[in-house]
Amino acid sequence: MTTVTDVADQDWLLESVLAPAIGGDAIRPLYDAAARGELALPFCGSCALALELEQLVCDGCGHTGRQWRAVEPRGTVHAATVMHRREPGLVRSADPYPIVDVELDSGHRIVMTLIAPGSAPDIGTRVRVGFRHLGDAELPAIEILEVPE
């Protein structure tokens, strides 16, 4: 039986079966920080260049050590698209939903969707990164701060 609490804990977009398995994942520091309400991302352990989530070798200096640290959860929409996908049992939303590429103030780029259902933001829109709850994981997602003029 589904209770009101169960419904409130459900993600607006995906069924919990699609939650990431975060046990020994290479990006576990992202999930651990998100559980604390922080956004942590990888940097080169040598030159401190922002790295992609699963990047193991620095493009700047070739170093293979990564350092995860909390970053300011703000950025600017670099690109946005709308996904039209119906897949009962996996995707909860029957409506199209936005997928947004955000350039964070830290220099990282991350692709995510919105915290709650809504329209794709315009390129140049300032956003804040918050989190969606899916299964046992908190996933980065955006909320709009300001619309560009």
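**Exercise 1. Find which residues Thr-113 is in contact with, leaving aside its neighbours within four places in sequence.**

Solution. 
- Step 1: Contact means heavy atoms within 4.5 Å. With that cut-off, Thr-113 is in contact with Trp-12, Leu-13, Tyr-97, Pro-98, Arg-132, Ala-141 and Ile-142.
- Step 2: Thr-113 sits in the loop between strand 5 (109-112) and strand 6 (126-134). Strands (E, at least two residues) and helices (H or I, at least four) are DSSP runs, numbered from the N terminus.
- Step 3: Look at its side chain, which reaches the backbone oxygen of Pro-98 at 2.5 Å.

A word on the model: this is a predicted model, where local features need pLDDT of at least 70 and side-chain atom pairs count only at pLDDT 80 or more, while totals for chains, interfaces and linings use all residues. Residues are numbered from 1 along each chain as its sequence is written, and side-chain values use heavy atoms, with hydrogens and water left out.

**Exercise 2. Decide whether Thr-113, Gly-45 and Ser-106 are buried, partly exposed or exposed.**

Solution. 
- Step 1: Gly-45, at 40%, is partly exposed.
- Step 2: Ser-106, at 24%, is partly exposed too.

**Exercise 3. Describe the surroundings of Ser-106.**

Solution. 
- Step 1: Ser-106 belongs to the loop between strand 4 and strand 5.
- Step 2: Not counting residues up to four places away in sequence, Ser-106 touches Leu-41, Phe-43, Ala-50 and Val-71.
- Step 3: Take Ala-50 from that list: 56 residues separate Ser-106 and Ala-50 along the chain, yet their C-alpha atoms are 7.2 Å apart.
- Step 4: The side chains of Ser-106 and His-108 make a polar contact (2.6 Å). A polar contact is a pair of N or O atoms within 3.5 Å; within protein, one must be able to donate a hydrogen and the other to accept it, and residues adjacent in sequence count only if both atoms are side-chain atoms.

**Exercise 4. Work out where Gly-45 lies and what it touches.**

Solution. 
- Step 1: Gly-45 lies in the loop between strand 1 (40-44) and strand 2 (66-70).
- Step 2: Gly-45 touches His-63, Gly-65, Arg-66 and Gln-67, not counting residues up to four places away in sequence.
- Step 3: Now try Met-112, 67 residues from Gly-45 along the chain: the two C-alpha atoms are separated by 25 Å.

**Exercise 5. Find which residues of the lining of the largest pocket lie nearest its centre, and which strand gives the most to the lining.**

Solution. 
- Step 1: A pocket is an open set of points on a 1 Å grid over the protein atoms alone, where a 1.4 Å probe fits, with protein on both sides within 12 Å along at least five of seven lines; lining residues have an atom within 4 Å of a point.
- Step 2: The lining has 19 residues, and Leu-14, Val-111, Met-112, Arg-132 and Leu-139 lie nearest the centre.
- Step 3: Strand 5 gives the most, with three residues.
- Step 4: Helix 2 (28-35), strand 4 (97-104), strand 5, strand 6 and strand 7 (137-146) each supply at least two residues.

Terms used: Buried means under 20% relative accessible area, exposed over 50%, partly exposed in between (1.4 Å probe, protein chains only).
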